[in-house]
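Visitor: I would like to learn how to read the contacts in a structure. Could we go through them one feature at a time?

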Amino acid sequence: MIPSIGKPVRWAALAAAALCLAAACGGGSTTTSGTVTFKGTKNVGISTALTGQSQLYGHAISQSLKLAEDDINKAGGVNGYKINVEIQDDATTVEQAVNNTKQMILQDNVVAMIGPITSAQCSATSPVSKQNKVLMIAATCNSYQLTTQPSLQNPYFVSVVPNTYMEGCAAGTDTAKKGTTNIYVVSPDYLFGRSETNAFVACLKKANPSVKIVNDPSTWFVKYPHTDWSPEVAQIQAAKPTLVYSNIFAADQISFINKATQTDPQWFTKYPLVTLASVDELQTLKDKYPLGMRIYMRAPFFQLSNSRMDAFVSAYKAKYNEYPSDWAVMDYDAIKMWAQAANAAKSFDSDQVKKQIVGKSFDSLRGYKFTIRAEDQQANVGETIGTTVDSGGKYPFPFLKDATNLKGDDLIMPVEMVKKLQAGQCKNDDFANC
């Protein structure tokens, strides 16, 4: 397991950088790993949360990328070079994510970046990627503005995660089909939370115009990160909704669940929740994760079983003694996509590698091929929605029943809407006029 501390990771990164210099990072020196001889070492960087609000996700992502690093190098590396994944802790803060990204690009000469966890961090680090012409592949941060907002457009930014429009609409349409009409909304107050919530509400009302949001929009968003959920729990109880919608995640979701169940053990029976979740939250709370929750997930291994996924789960569990989360799955797919494209390009130059990514299709652990379309460099990846139930001992945490694996082609934002957003012709989140 990768420890959730900063300095050892930092020293490891510096050591890797020193090794890279010794190997000329593209020069003539060679390194040997097992039976494979490499020309040298190339770094792929990631600033992720080994501490802070999203450390649950950073823990899984880091482990997965190191597993991918091993697999890539065993297969011969990339363009004859050994790949080293340089991991730096940003403590789930924007400032540190920017500092880490600058260091890895300007000092450590990374040839590509895997994006940070939160959309706030990606919106701040994407310009660094753009300025220095270094590919950034987003596998976790997913606000659709990252590829459509004029001020954020970056030709070197690629998304392999369902964006907030895709997720919000998937959850909103699913909720509308359930016929629930009195809904309370509470979400994190930053780009991701607002973006996904507004997409949820827009698609919910489109599918069911009679739906009623019981709390005023001015109360929809709460400070992020959020530690004291007492006021929100009390407000929800007072409003008596038939359903609560939220996209709180990681530490915030766990603290919300704990506070609600401490207040009333039957809280989630009285006020069922529709929310974003991942294997991380499930296996953190185990049997304390509420049953009967309608959750949408990006890549739950247990719902996307196939030979490639099953082999990954076995290898991940053997190495780390835990199940891989959605984030582990997606970040593994992200770096494998980059490695395949760089090998096809026979180059580490971002423009050349991008030509082998945009418009191309790639295999995934998720059991389907995904394609990066040219208009917004967004992948047509899917989403899974289901209801939490006891797994009957199959896993030490709940899994899903009545689950649906939604196809990315059915979720992805229409190209016409993308172009209007990119041209600044319609207000963000005003989907009715896009």
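Visitor: What should be kept in mind about the model?

Guide: This is a predicted model, in which local features need pLDDT of at least 70, side-chain atom pairs count only at pLDDT 80 or more, and totals for chains, interfaces and linings use all residues. Residues are numbered from 1 along each chain as its sequence is written, and side-chain values use heavy atoms, with hydrogens and water left out.

Visitor: At what angle do the axes of α2 and α12 cross?

Guide: Axes are lines fitted to C-alpha atoms, for helices over the stretch in contact, and angles run from 0 to 180 degrees between N-to-C directions. Helices (H or I, at least four residues) and strands (E, at least two) are DSSP runs, numbered from the N terminus. Here helix α2 (residues 55-74) and helix α12 (residues 307-320) have axes that come within 11 Å and cross at roughly 110 degrees. The two helices α2 and α12 are therefore roughly perpendicular; that label covers 65 to 115 degrees, with under 35 roughly parallel, over 145 roughly antiparallel and the rest oblique.

Visitor: Which residues of α2 and α12 meet?

Guide: Contact means heavy atoms within 4.5 Å. From α2 come Ala-60, Gln-63, Ser-64, Lys-66, Leu-67 and Asp-70, and from α12 come Phe-312, Ala-315, Tyr-316, Lys-319 and Tyr-320. The residues of this contact divide into six nonpolar, two polar and three charged. In that scheme Ala, Val, Leu, Ile, Met, Phe, Trp, Tyr, Cys and Pro are nonpolar, Asp, Glu, Lys and Arg are charged, and the others, Gly among them, are polar.

Visitor: How many salt bridges does the count come to?

Guide: A salt bridge is a side-chain nitrogen of Lys or Arg within 4 Å of a carboxyl oxygen of Asp or Glu. The count by this rule is 11. One of them pairs Asp-70 with Lys-319, with the closest N and O atoms 2.7 Å apart. This pair links distant parts of the chain, 249 residues apart, with Asp-70 in helix α2 and Lys-319 in helix α12.

Visitor: Which residue forms a salt bridge with Arg-294?

Guide: The partner of Arg-294 is Asp-174, with the closest N and O atoms 3.0 Å apart. Arg-294 lies in strand β14 (residues 294-297) and Asp-174 in helix α6 (residues 164-178), so the bridge ties together parts 120 residues apart in sequence. Arg-294 is buried at 10%, and Asp-174 is buried at 14%.

Visitor: How many disulfides are there by the rule?

Guide: A disulfide is a pair of cysteine sulfur atoms within 2.5 Å. The count is two. In one, the sulfur atoms of Cys-122 and Cys-141 are 2.0 Å apart. The torsion about their S-S bond is about -80 degrees, so this disulfide is left-handed. Cys-122 is buried at 0%, and Cys-141 is buried at 1%.

Visitor: Which residue does a disulfide join to Cys-169?

Guide: Cys-169 is joined to Cys-203, S to S 2.0 Å. Cys-169 is in helix α6 and Cys-203 in helix α7 (residues 191-207), 34 residues apart. Cys-169 is buried at 7%, and Cys-203 is buried at 14%.

Key:
Buried means under 20% relative accessible area, exposed over 50%, partly exposed in between (1.4 Å probe, protein chains only).
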